[in-house]
Amino acid sequence: MCGIVGFTGKREAAPVLLAGLKALEYRGYDSAGIAVLNDNNLTVCKTTERIKNLTEKTNGGKDIHGTTGIGHTRWATHGEPSDANSHPLLSDSGRIAVVHNGIIENYMEIKEFLQEKGVVFHSDTDTEVVAQLLGYYYRGDILDAVQKVLHRIEGSYGLGIICSEHPEQLIAARKDSPLVLGYGDGFNMMASD
């Protein structure tokens with residue numbers, strides 16, 4: 001029962017992401033995490049405990065600065081509950097972070113392809129193939145990389161994607177999974193559960 005949230009705007013993202021994850025607690029979960037962009041730096045914080053613990057680890061989000069970010073609550077479908085399997089998951093370069101609600105049906109095929117290319121995986125999740133495939137295709141144009149990934153993956157999904165080289169951009173994509181976009185005065189949000 002995964003849930004994802006994303007925010008980009010003029011105010012700090014982490015407190016907004018934590019509030020969004022708190023609203024998703026009803027779904028049940030075994031881990032939670034957030035990734036926030038500050039300039040060209042990506043900060044990730046995860047826990048295999050409750051969102052309350054994630055909130056405490058980040059001082060209510062005050063210790064993680066940046067105005068664009070993504071968050072996730074995870075119910076294990078691939079891989080046991082652990083920090084490595086918790087989302088957000090990163091590309092090998094650490095420049096791209098992904099949260100995912102759904103299932104990537106052809107993840108083993110993609111994982112084997114990327115491993116043949118020398119990509120090292122750090123989790124047992126189907127979501128990491130999305131992050132690693134984005135890293136494989138990324139050549140400075142994150143939207144181009146996303147389009148290539150979406151043509152390659154199979155399954156149902158809601159995705160939230162951020163890239164350290166595009167700090168004010170939040171990308172959302174979906175196929176056969178719910179995804180809500182919110183447009184506000186000075187901010188945009190996305191969510192899927």
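Trainee: Is Cys-163 buried or exposed?

Mentor: Burial is read from relative accessible area, where buried means under 20%, exposed over 50% and partly exposed in between, with a 1.4 Å probe and protein chains only. Cys-163 counts as buried because its relative accessibility is 2%, and Cys-45 counts as buried too, at 12%. Keep in mind that this is a predicted model, in which local features need pLDDT of at least 70 and side-chain atom pairs count only at pLDDT 80 or more, while totals for chains, interfaces and linings use all residues. Residues are numbered from 1 along each chain as its sequence is written, and side-chain values use heavy atoms, with hydrogens and water left out.

Trainee: How many disulfides does the structure hold?

Mentor: A disulfide is a covalent bond between the sulfur atoms of two cysteines; here the test is a pair of cysteine sulfur atoms within 2.5 Å. The structure holds zero disulfides.

Trainee: Which residues of the largest nonpolar core touch the most other members?

Mentor: A nonpolar core is a set of buried Ala, Val, Leu, Ile, Met, Phe, Trp, Tyr and Cys residues joined through side-chain atoms within 4.5 Å. The largest has 26 residues, and those touching the most other members are Ile-96, Val-98, Val-130, Leu-134, Ile-153, Leu-159 and Ile-161. Among the elements that each supply at least two of its residues are strand E6 (96-104), helix H4 (127-137) and strand E7 (155-163), helices and strands being DSSP runs numbered from the N terminus, of at least four residues (H or I) and at least two (E) respectively. H4 gives the most, with six residues. Apart from this core lies another, of 16 residues, among them Ala-13, Ile-34, Val-36 and Ile-51.

Trainee: How many salt bridges does a search of the whole structure find?

Mentor: A salt bridge is a side-chain nitrogen of Lys or Arg within 4 Å of a carboxyl oxygen of Asp or Glu, and the search finds three. In one of them, Arg-95 pairs with Glu-165, with the closest N and O atoms 3.1 Å apart; this pair links distant parts of the chain, 70 residues apart, from the loop between strand E5 (89-90) and E6 to the loop between E7 and E8. Arg-95 counts as partly exposed because its relative accessibility is 30%, and Glu-165 is partly exposed at 35%.

Trainee: Where do Lys-148 and Asp-144 lie?

Mentor: Both lie in helix H5, four residues apart, or about one turn of the helix, and their closest N and O atoms are 3.1 Å apart in a salt bridge. Lys-175 forms a salt bridge with Asp-176, at 3.6 Å between the closest N and O atoms; Asp-176 counts as exposed, at 61% relative accessibility.
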